[in-house]
Amino acid sequence: MAGRVSARLTRAQGRRFGLTLGIAFLAVGAVLLWRDRETAAAVAGTVGSVMLLAGLIIPTRLGLIEHGWMAFAHAISKVTTPIFMAVVYYVAIVPMGVFMRILRRNPIRHKATDDSFWVIHESRNVDQMNRQF
């Protein structure tokens, strides 16, 4: 293990964490109330209010909550990141590659008329491959 995580936060860190989480839960509570979910809105509003007050009154004592919250976020990211990357790959990159193959376009190969530093070697002599540097 890398080491123990301190249960204490600085006042600025604790205040930032408490206020951010409190405002986020209050916003979720407002959306839930707007969607006529009174019980869930009351729970989210209560958690948001408690976090806001804790961030203002006892910000240095929020270390364990912050540590647990970050562990939860890390666990969620282990699931969501591969899903997101797979969606990006199959929705953006694969169709673009298929489209480029249909058009017979290869962005790595340059035409002889292009001004570039690429050198096209016609010979495939093995002796030329020794001591390349």
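**Ground rules.** I am working from a predicted model, in which local features need pLDDT of at least 70 and side-chain atom pairs pLDDT 80 or more, while totals for chains, interfaces and linings use all residues. Residues are numbered from 1 along each chain as its sequence is written, and side-chain values use heavy atoms, leaving out hydrogens and water.

**α1 and α2.** I looked up helix α1 (residues 11-34) and helix α2 (residues 38-57), whose axes are 7 Å apart at an angle of about 160°. Helices here are DSSP runs of H or I, at least four residues, numbered from the N terminus. Axes are lines fitted to C-alpha atoms over the stretch in contact, with angles from 0 to 180 degrees between N-to-C directions. The two helices are therefore roughly antiparallel (over 145 degrees; under 35 is roughly parallel, 65 to 115 roughly perpendicular, the rest oblique). I noted 16 nonpolar, eight polar and two charged residues in the contact of α1 with α2.

**α1 and α3.** Next I checked α1 against helix α3 (residues 63-102): the axes come within 11 Å and cross at roughly 60°. This pair is therefore oblique. Contact (heavy atoms within 4.5 Å) is made by F17, L21 and F25 of α1 with I65, E66 and W69 of α3.

After α3 comes R104, with a positive phi near 55°.

Technical notes: Ala, Val, Leu, Ile, Met, Phe, Trp, Tyr, Cys and Pro count as nonpolar, Asp, Glu, Lys and Arg as charged, and the others, Gly among them, as polar.
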